[in-house]
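Welcome! Please take a moment with the sequence and the 3D view below, and then we will walk through them together.

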Amino acid sequence: MRKARAKKRILLPDPKFGDKLVTRFVNCLMLSGNKERAFRIFYEALDIVSKSDKIDESPLEVWKKALNNIMPQVEVRSRRIGGATFQIPHPIREDRRISLAMKWMINAARNRNEKTMSQRLASEIVAAYKEEGASFKKKQDTHKMAEANKAFSHFRF
C-alpha cells in the first residue's frame, strides 16, 4: 500500500441508548446528511419492534441479536491465478462483518413493501431476529458460495 491506513473516526454514542453501534447503524441508514431523520426512523422502528407480540426482549437486544444473526463469517474474493479467476474463501475481520450486516439489513429494509421506512426496518429486524428475511438469505448465500469454493482455499494470499 502506498498510503498509511486511514485513522478510525471516533463515534459518539447515540442519545437514547448510549450505544456507539447504534450511531454507526444510523450513519449507514442516513441519506443526504439528514442524521436527525435517520435517528427518528431507527427509534420508531425499535418502538414498532417493542410492540410486537411474540418478542419478550428489549428492542435494542432484539436488534443486536438480529444484527448478529446476519453477520457473515467468511466471504469469497476473486484472485487471478495463471489466467483463470478463482473465488477464494476468506475469513472476515470483525469490523467488516458488522459493516456488511448493517448494509445488508438496510438494503433489505429499503426493498421491502411496507409503507414507511421505519415499518420496513422494523419488519426486517424481526425477520433477521427469527433467522429469515432477505438479509439472512444474503448471509446464507455468501456462506454457500464460500463452501462451494473451499477447494480453492489453498490459494489464499
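Two residues are in contact here when they have heavy atoms within 4.5 Å of each other. Helices (DSSP runs of H or I, at least four residues) and strands (DSSP runs of E, at least two) are numbered from the N terminus. This is a predicted model, in which local features need pLDDT of at least 70 and side-chain atom pairs count only at pLDDT 80 or more, while totals for chains, interfaces and linings use all residues. Residues are numbered from 1 along each chain as its sequence is written, and side-chain values use heavy atoms, with hydrogens and water left out.

**The whole chain**

- The protein chain holds six helices and two strands, and along the sequence they follow the pattern α-α-α-β-β-α-α-α.
- Along its principal axes, the C-alpha trace spans about 55 × 40 × 25 Å.
- Each residue is called buried (under 20% relative accessible area), exposed (over 50%) or partly exposed (in between), using a 1.4 Å probe and protein chains only.
- Of the 157 residues, 38% count as buried.
- Among contacts between residues at least 6 apart in sequence, 61% join residues at least 24 apart.

**Helix α2**

- The expected span of a helix is 1.5 Å times one less than its number of residues.
- Helix α2 covers residues 35-50, and its 16 residues should therefore span 22 Å; the end C-alpha atoms are 23 Å apart, which agrees.
- Its buried residues are Ala38, Phe39, Ile41, Phe42, Tyr43, Ala45, Leu46 and Val49.
- What do the buried residues of α2 pack against? Their partners are α1 (20-29), α3 (59-69) and α5 (117-129).

**Tyr43 and the aromatic rings**

- Tyr43 lies in helix α2 and counts as buried because its relative accessible area is 15%.
- Leaving aside residues up to four places away in sequence, Tyr43 touches Asp14, Pro15, Lys16 and Phe17.
- Tyr43 and Gln140 are 97 residues apart in sequence, and their C-alpha atoms are 28 Å apart in space.
- Rings of Phe, Tyr and Trp (its six-membered ring) pair if their centres lie within 6.5 Å; planes under 30 degrees apart count as stacked, over 60 as edge-to-face and the rest as tilted.
- A search of the whole structure finds six aromatic pairs.
- One of these joins Phe39 and Tyr43, which are stacked at 5.7 Å centre to centre with 25° between the planes.
- Why are Phe39 and Tyr43 separated by about one helical turn? The reason is that they are four residues apart in helix α2.
- An α-helix has 3.6 residues a turn, so residues three or four places apart point the same way.
- One aromatic cluster is formed by Phe17, Phe25, Phe39, Phe42, Tyr43 and Trp63.
- A charge sits over a ring if NZ of Lys or CZ of Arg is within 6 Å of the ring centre and within 35 degrees of the ring normal.
- The charged end of Lys16 sits over the ring of Tyr43, 5.0 Å from its centre, and the charged end of Lys65 sits over the ring of Tyr129, 5.4 Å from its centre.

**Helix α4**

- The 17 residues of helix α4 (residues 94-110) should span 24 Å, and its end C-alpha atoms are 25 Å apart, which agrees.
- Buried residues in α4 include Arg97, Ile98, Leu100, Trp104 and Met105.
- The buried residues of α4 pack against α1, α3, β1, α5 and α6 (134-148).

**Val74 in strand β1**

- Val74 is found in strand β1, residues 74-81, and it counts as partly exposed because its relative accessibility is 26%.
- Not counting residues up to four places away in sequence, Val74 touches His90, Pro91, Ile92, Thr142, His143 and Ala146.
- The C-alpha atoms of Val74 and Glu147 are separated by 9.1 Å, although the two residues are 73 residues apart along the chain.

**Two positive phi angles**

- Most residues other than glycine have a negative phi.
- Ser32, which is not a glycine, has a positive phi of about 55°; Ser32 sits in the loop between α1 and α2 and counts as exposed at 82% relative accessibility.
- Glu131 has a positive phi near 60°; Glu131 lies in the loop between α5 and α6 and counts as partly exposed at 46% relative accessibility.
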